[in-house]
Amino acid sequence: MSRDFTYIDDIVTGVVAALDRPARVDPDWQATAPNPATSGVAPWRILNLGAGQPVPLMRYIEVLEARLGRKAQLNLMPMQDGDVTDTEADVSDTRKALDYAPATPVEEGIGHFVDWYRSFYGEA
C-alpha cells in the first residue's frame with residue numbers, strides 16, 4: 001500500500017498560488033466533449049494539490065519510528081470497504097497553472113510534524 005503524503009506547507013503554497021492566479025473561462029471548452037475540470041462559461045477549474053509521489057505505507061511508518069525513537073505496535077488489518085491500495089495525486093495541470101512544485105520530502109515533513117507535536121503536546 002502507498003499514499004501520496006503531502007506536507008501542509010506544500011498545500012498552503014499551492015492554495016496561495018491559486019489566489020494569485022484565478023481561473024479563467026476555458027476558450028477550448030466544448031459542450032459536446034466537456035472537460036469536468038474547467039468551464040466554458042464560468043471561471044473555475046479543478047486542480048489537485050499533492051506531492052505526486054506515493055510513499056509505501058511501511059516506509060512512512062519506518063520514518064516515523066526513526067524520528068520518534070520507538071517501534072510502532074502494528075495492528076495490520078484487512079482492507080476496509082472503500083479503501084484503495086495506492087493513491088497518487090496527478091499534479092501535472094497544477095504545476096502548469098500555478099507553477100506548483102511540492103518540495104518537502106516525507107522524511108522532512110514527518111520530522112517537522114514530530115517536532116511540532118512534541119512542542120505542542122509534550123514528549124511522545
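View 1. The side chain of Arg3 has a polar atom 3.3 Å from the backbone oxygen of Thr85. This model is predicted, so local features need pLDDT of at least 70 and side-chain atom pairs pLDDT 80 or more, while totals for chains, interfaces and linings use all residues. Residues are numbered from 1 along each chain as its sequence is written, and side-chain values use heavy atoms, without hydrogens and water. Look next for Asp83, whose side chain makes a polar contact of 2.8 Å with that of Arg3; such a contact is a pair of N or O atoms within 3.5 Å, one able to donate a hydrogen and the other to accept it.

**View 2. The surroundings of Arg3.** Arg3 sits in strand 1, which covers residues 2-3; strands are DSSP runs of E with at least two residues, and helices are runs of H or I with at least four. Leaving aside residues up to four places away in sequence, Arg3 touches several others, including Gln53, Pro54, Val55 and Val84. Touching here means heavy atoms within 4.5 Å.

View 3. Ala17 is buried, with a relative accessible area of 11%, whereas Ile8 is exposed at 52%; buried means under 20%, exposed over 50% and partly exposed in between, with a 1.4 Å probe and protein chains only.

**View 4. From Ala17 to Val106.** These two residues are 89 places apart along the chain, and their C-alpha atoms are separated by 22 Å.
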